[in-house]
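Keep the structure open alongside the text.

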Amino acid sequence: MMKRISTFLRMLRTGWVLTRHDALVPREYAGVVPFPVKLLGGVSRIFAIRGRATNPGERFANALEKLGPAYIKFGQILSTRGDMLDPVFVKGLSRLKDKVPPFPMAKAEEALKAEWGVPWQEKMTSLSEPIAAASVAQVHKGELKTGETVAVKILRPNIQRRMRNDMDVLKMVSALAEFFVPDSKRLGPKKFVETADRAVMLELDLRLEAAACSELSEAAADTGLYKVPDIHWSLGGKNVMVTQWIDGTALSDDSILSRPQTERTEIARKVMQSFLACSFDYGVFHADMHEGNMIVSDDGTLWLIDFGILGRLAPKEQRFHAEILYGFLMRDYQRIAEVHFEAGYVPAHHTIEDFASALRSVGEPIFGQTAENVAMTKVLVQLFEITEIFDMEMQPQLIMLQKTMMQTEGVCRRLDPNFDMWEISRPIVEASMRRELGVEGRVNDLLTGLDKARRTLERLPDATENIAALAKAWADGEVDLSKGPLNTQTTTKPSPWKPIAYAGTGAVLALGGVWAATQL
């Protein structure tokens with residue numbers, strides 16, 4: 001109970017901080033919101049502190065920084081959507097990408113000593129002031145005794161407790177949203193927060209981030225689309241990670257936009273294709289692809305950093321999304337609809353034809369269009385309306401992928417206003433479909449089915465023996481199945497149903513044999 005009370009008070013604090021920064025309903029956008037929201041904004045501005053930043057995005061960023069790391073993560077996602085949001089707002093919000101205020105150098109040195117057991121001077125010859133600071137950790141530049149330049153990432157002090165408190169508030173907000181706005185249940189805000197909670201809490205152990213970096217290095221070597229830094233495992237721990245230092249320009253740096261258009265187009269291609277290749281070909285992807293986590297070196301190599309959040313897709317989900325994108329590429333809306341129905345994402349009382357027609361209304365106007373000619377806000381509103389019409393629920397296992405795809409597309413659109421996601425995606429998606437639905441995919445499906453049948457047959461003797469024993473016990477009056485299969489009731493009266501029980505057992509065994517044969 002006390003925890004709920006404290007979480008509720010923190011939620012009130014969230015509203016108060018946004019109010020004080022004039023970020024609850026910014027005055028610049030009061031004219032485009034419904035009257036009740038406009039009224040709320042007008043009242044809140046009575047309590048706003050004067051002299052705040054003139055940019056509404058910057059005021060919102062300031063409020064998020066004051067609120068905590070989970071809120072900063074939310075702001076980082078918004079900052080990639082310049083095609084959906086007011087450019088002025090996005091510019092003010094973009095400071096969250098890698099310009100969060102650092103914690104003191106003395107705290108960083110304490111963390112290193114606690115992790116290594118000795119002062120940092122015994123492991124390195126130099127350690128700089130913070131080079132970059134994010135919501136969860138900050139990075140220092142150092143030099144090892146061997147002369148190698150490294151990046152030293154250190155978690156923020158007490159970050160686990162602060163993040164836990166932030167996530168508890170978001171859980172309460174999502175629960176209240178579902179209670180007071182029943183229609184929001186279809187979107188699954190509680191499931192979304194739970195999914196985000198698991199991902200964020202994993203980010204607070206840098207040993208897991210190092211493992212994620214190592215895992216993505218395998219896909220990097222295979223695809224050649226990007227690279228990841230080498231890990232110094234012997235210097236790592238829960239609160240510290242040491243990697244190869246990468247020289248280059250972060251995509252969050254405005255100077256990247258002054259490069260030739262051909263170069264920016266190539267960078268955008270690598271960003272999108274690396275995300276799609278990891279997702280559809282390897283089932284694992286970098287799930288926090290904002291501009292601050294991508295660096296371009298002088299030779300044009302794309303480097304990914306900060307692997308705190310890793311997304312995964314099961315083979316079924318890989319194929320589902322690959323088929324969806326391929327369907328849009330081929331403008332095969334009937335197949336896209338069939339895939340949704342086969343996955344069970346659309347209730348059966350709707351028809352495939354109606355859903356295919358609704359998808360056509362979304363796909364045709366934007367197919368082959370550039371970012372400049374597509375109003376993504378209208379597209380997203382239309383998609384939202386379609387999911388509501390067809391009673392579709394949000395799938396929590398796919399939320400991370402959808403969120404990252406939104407981030408990645410936002411980065412590409414900023415680099416190249418003429419970015420055409422369909423054509424850039426085509427090589428990766430077509431290769432994935434050839435693998436999944438071609439000869440190789442069919443053979444893999446057959447082998448998977450045979451393996452399942454083999455395992456089923458291996459378990460069949462034990463299962464039939466258990467069924468036979470249970471049937472015999474029931475026939476002998478040792479088990480009373482009317483009160484459940486585990487209720488035993490000893491009786492001395494012989495059962496007249498013994499022959500029927502044995503016959504039933506034989507029938508079960510026979511049917512089981514027929515079923516096993518069909519699986520083979």
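Accessible areas here come from the Shrake-Rupley method with a 1.4 Å probe. On that basis the protein has an accessible surface of about 26600 Å². Carbon and sulfur atoms hold 59% of that surface. The model is predicted.

Start with the whole chain. The protein has 18 helices and nine strands. Of its 520 residues, 46% are buried. Now take the contacts with a separation of 6 or more: residues 24 or more positions apart account for 67% of them.

Next, the aromatic rings. A search of the whole structure gives six aromatic pairs. One of them joins F320 and Y345: the ring centres are 4.8 Å apart and the planes stand at 85°, so this pair is edge-to-face. An angle over 60 degrees is what that label requires. F320 sits in helix α11, residues 315-330, while Y345 sits in the loop between α12 (333-342) and α13 (352-366), so the pair ties together parts 25 residues apart in sequence. Burial is set at under 20% relative accessible area. F320 has 9% relative accessibility and therefore counts as buried. Y345, at 12%, also counts as buried.

A further pair joins F355 and F390. It is edge-to-face, with 5.0 Å centre to centre and 70° between the planes. Here too, distant parts of the chain are linked. F355 belongs to helix α13, and F390 to the loop between α14 (376-389) and α15 (396-415), 35 residues apart. Both F355 and F390 are buried.

Which residues do ring pairs link into a cluster? They are F341, F355 and F390.

Technical notes
Residues are numbered from 1 along each chain as its sequence is written. This is a predicted model: local features need pLDDT of at least 70, side-chain atom pairs count only at pLDDT 80 or more; totals for chains, interfaces and linings use all residues. Side-chain values use heavy atoms; hydrogens and water are left out. Rings of Phe, Tyr and Trp (its six-membered ring) pair if their centres lie within 6.5 Å; planes under 30 degrees apart count as stacked, over 60 as edge-to-face and the rest as tilted. Helices (H or I, at least four residues) and strands (E, at least two) are DSSP runs, numbered from the N terminus. Buried means under 20% relative accessible area, exposed over 50%, partly exposed in between (1.4 Å probe, protein chains only). Contact means heavy atoms within 4.5 Å.
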